[in-house]
Amino acid sequence: MKLPGAIAAAALAIAGCGTTAPAERDFVPGYPGVDYLPAERMAGELMLGFELSLFEGCWFEMTREAAAQLSARAPEWRGRGPYRYRIEMMARRAPEAEGHGFGHLGLTPCQVRASRFLSVQRMRTRR
């Protein structure tokens, strides 16, 4: 049965009610199907350097936007390091899973990914 144009458009609109596009998933790299936990405000010590990226004992990653913010506030972080910072940020934690490690050689039991830096203060590095 062929419907006039306006009726067909209305039928299609009603048929689409209640359906939504699937939400974009934010998977933890290397762990398909595992999503990061909701974003939260975090504060603590960040250490960055060659094969080193730790925030309070967790492997640290950041979004491109957060990397740009850090570069504007502390451009040296891209060097060999090590560098230490006292930071406050908005970040998401990867859920911990027994037998799964994060970061360099998978040796870190947890992971945090920053999406925005609220404050960055360089600390003296112990050598």
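1. Helix H2. Arg-64, Glu-65 and Ala-72 are the exposed residues on the other side of H2 from its buried residues, Ala-66, Ala-67 and Leu-70. Seen down the helix axis, these buried residues fall within an arc of 100 degrees, so they line one face of H2. The arc is taken over the directions from the helix axis to the C-beta atoms. Buried means under 20% relative accessible area, exposed over 50%, and partly exposed in between, with a 1.4 Å probe and protein chains only. Helices (H or I, at least four residues) and strands (E, at least two) are DSSP runs, numbered from the N terminus.

2. Ground rules. This is a predicted model: local features need pLDDT of at least 70, side-chain atom pairs count only at pLDDT 80 or more, and totals for chains, interfaces and linings use all residues. Residues are numbered from 1 along each chain as its sequence is written, and side-chain values use heavy atoms, with hydrogens and water left out.

3. Confidence. The chain averages a pLDDT of 78, and 71% of the residues score at least 70. pLDDT is the predictor's confidence in each residue, on a scale from 0 to 100. Residues 1–23 are the stretch to flag: pLDDT is below 50 there, and beyond near neighbours in sequence the stretch has 1 contact in the model. Contact means heavy atoms within 4.5 Å.

4. Overall build. The chain has 2 helices and 7 strands. From the N terminus on, the order is α-β-β-β-β-β-α-β-β. Of the 127 residues, 30% are buried. Among contacts with a separation of 6 or more, 70% link residues 24 or more positions apart.

5. What H2 packs on. Its buried residues pack against strand S3 (40–49), S5 and S7. Arg-64 belongs to this helix, which covers residues 64–73. The relative accessible area of Arg-64 is 76%. Across 50 residues of sequence, Arg-64 and Ala-114 have their C-alpha atoms 9.5 Å apart.

6. The disulfide. The model holds 1 disulfide, defined as a pair of cysteine sulfur atoms within 2.5 Å. Cys-58 and Cys-110 form it, with their sulfur atoms 2.0 Å apart. The link is left-handed, at -95 degrees about the S-S bond. Cys-58 lies in strand S5 (residues 58–62) and Cys-110 in the loop between strand S6 (83–93) and strand S7 (111–123), so the pair ties together parts that are 52 residues apart in sequence. Both Cys-58 and Cys-110 are buried.

7. Cores. The largest nonpolar core has 20 residues. Such a core is a set of buried Ala, Val, Leu, Ile, Met, Phe, Trp, Tyr and Cys residues joined through side-chain atoms within 4.5 Å. Leu-46, Phe-55, Phe-60, Tyr-85, Met-89 and Phe-117 have the most contacts inside this core. S3, S5, H2, S6 and S7 each give two or more residues to it. S6 supplies the largest share, 5 residues. Another core lies apart, with 5 residues, among them Val-28, Tyr-36, Trp-59 and Phe-102.

8. Phe-55. Neighbours within four places in sequence aside, Phe-55 contacts Met-42, Ala-43, Gly-44, Glu-45, Leu-46, Phe-60, Ile-87, Met-89 and Val-112.

9. Ser-53. This residue lies in strand S4. Ser-53 is buried, at 10% relative accessible area. Leaving out residues up to four places away in sequence, Ser-53 touches Met-47, Leu-48, Cys-58, Trp-59 and Phe-60.

10. Positive phi. Two residues deserve a look here. Glu-56 is not a glycine, yet its phi is positive, near 50 degrees. Glu-56 lies in the loop between strand S4 (52–55) and S5, and is partly exposed at 49% relative accessible area. Leu-105, also not a glycine, has a positive phi of about 60 degrees. Leu-105 sits in the loop between S6 and S7 and counts as exposed, at 67% relative accessibility.
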